[in-house]
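Colleague: I'm new to this one. Can you put it up and walk me through it?

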Amino acid sequence: MINEKVLPVKRSSYKTVAFTDQFSRLIDARGFRSMSASRPVSEDEARDLASKLRDAVGETADDATLLRVLRHNPEIIRLADRPGEGEPGFVAYLPLNAAGYTALQWGELSRRSPDLAHLCRPDEAPVALYMWCVYAPGNFVPAIAAIAAHFEEIAPDGVPMFTSAATAPAARLFKSLGFTPASDHFPEAESDVLTIFPQQPGEPAATLPKNGRR
């Protein structure tokens with residue numbers, strides 16, 4: 001969890017995500033919005049990317065878990081390839097269904113080894129999105145722009161987005177995008193989970209009861 005005081009920030013919608021104005025201006029200034037593209041990875045690519053992530057941040061989900069989730073939904077690991085501009089970044093995300101969203105709000109989502117019953121298949125619309133990991137050395141902004149463009153495709157009306165920061169620099173970057181502690185909205189959520197909503201600032205976020213019924 002980020003313990004620094006989070007000051008109010010101006011928001012600018014990237015269609016489905018209310019990122020900060022600063023981030024949206026950076027995307028526009030560098031032309032990332034027009035170049036925002038990503039693609040799903042193969043299983044071999046997933047293993048290679050996971051190995052790089054472990055070298056960078058230490059312990060992560062093991063290959064067996066990664067492949068189990070990838071076979072459930074082959075879209076969840078996206079490579080943001082920028083030819084000729086350094087190492088490509090990738091983002092892995094969990095497309096949560098109603099049960100998964102409820103589990104996350106109540107601090108019961110297994111993020112290291114996700115329950116497939118909490119995850120959407122490719123033909124199902126997610127209720128919320130959890131950015132499982134981001135690996136983008138030197139290319140963080142275009143990687144996030146690319147995954148945001150993908151999220152517009154699978155959730156065109158916008159859904160809550162969640163993540164957690166594995167390092168202090170990552171925490172600062174997510175804060176600059178507009179992410180805040182999820183526990184500010186969902187008191188039972190795990191303390192390291194961060195969130196950003198598609199709603200305008202001040203619009204309340206709905207909390208699902210633990211039994212999944214309103």
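**Asn73 and beyond**

Modeller: Let's start with Asn73, which sits in the loop between helix 4 (63-72) and strand 4 (77-80). Helices (H or I, at least four residues) and strands (E, at least two) are DSSP runs, numbered from the N terminus. This is a predicted model, so local features need pLDDT of at least 70 and side-chain atom pairs count only at pLDDT 80 or more, while totals for chains, interfaces and linings use all residues. Residues are numbered from 1 along each chain as its sequence is written, and side-chain values use heavy atoms, with hydrogens and water left out.

Colleague: Is Asn73 buried or exposed?

Modeller: Asn73 counts as buried because its relative accessibility is 4%. Buried means under 20% relative accessible area, exposed over 50%, and partly exposed in between, with a 1.4 Å probe and protein chains only.

Colleague: Which residues does Asn73 touch?

Modeller: Not counting residues up to four places away in sequence, Asn73 touches Pro95, Cys120, Arg121 and Pro122. Contact here means heavy atoms within 4.5 Å. The C-alpha atoms of Asn73 and Leu119 are 8.2 Å apart, although 46 residues separate them along the chain.

Colleague: Zooming out, how many helices and strands does the protein chain have?

Modeller: The protein chain has seven helices and nine strands. Of its 214 residues, 48% count as buried. Among contacts with a separation of 6 or more, 67% come from residues 24 or more positions apart.

Colleague: What order do the strands of the open sheet take?

Modeller: The open sheet has seven strands in the order 3-4-5-6-7-9-8, and the pairing is mixed. Its edge strands are strand 3 (39-40) and strand 8 (180-181), each of which pairs on one side only. Two strands pair if DSSP finds at least two bridges between them.

Colleague: Take strand 6. How many of its residues are buried?

Modeller: Seven of the eight residues in strand 6 (residues 128-135) are buried. Strand 5 (residues 89-96) runs antiparallel to strand 6, with seven bridges between the two. Ala92, for instance, stands opposite Cys133 in strand 6.

Colleague: In what sense do strand 6 and strand 7 pair?

Modeller: Strand 6 and strand 7 (residues 161-164) are parallel, with two bridges. Leu129 faces Met161 of strand 7, and Tyr130 has Phe162 as its bridge partner. Strand 7 also pairs with strand 9, this time antiparallel and over four bridges. There, Ser164 stands opposite Val193 in strand 9.

Colleague: Switching to helices. Which residues of helix 5 are buried?

Modeller: Gly100, Tyr101, Thr102, Ala103, Leu104 and Gln105 are the buried ones. That makes six of the eight residues in helix 5 (residues 98-105). They pack against strand 5, strand 6, strand 7 and strand 9 (193-196).

Colleague: Which residue caps the N-terminal end of helix 5?

Modeller: Asn97 does, with a side-chain oxygen 3.2 Å from the backbone nitrogen of Ala99. After helix 5 comes Gly107, with a positive phi near 70°.

Colleague: How much space lies in the second largest cavity?

Modeller: About 30 Å³, where a volume is the space filled by probe spheres set on the points, and points are joined across faces, edges and corners. The structure has two cavities of 30 Å³ or more.

Colleague: Last one: where is His150?

Modeller: His150 is in helix 6 (residues 140-154). With 4% relative accessibility, His150 counts as buried. Leaving out residues up to four places away in sequence, His150 touches Ser38, Glu75, Arg78 and Tyr93. The side chains of His150 and Tyr93 also make a polar contact of 2.8 Å. A polar contact is a pair of N or O atoms within 3.5 Å; within protein, one must be able to donate a hydrogen and the other to accept it, and residues adjacent in sequence count only if both atoms are side-chain atoms.

Conventions
On a 1 Å grid over the protein atoms alone, a cavity is a set of points where a 1.4 Å probe fits but cannot get out, and a pocket is an open set with protein on both sides within 12 Å along at least five of seven lines; lining residues have an atom within 4 Å of a point.
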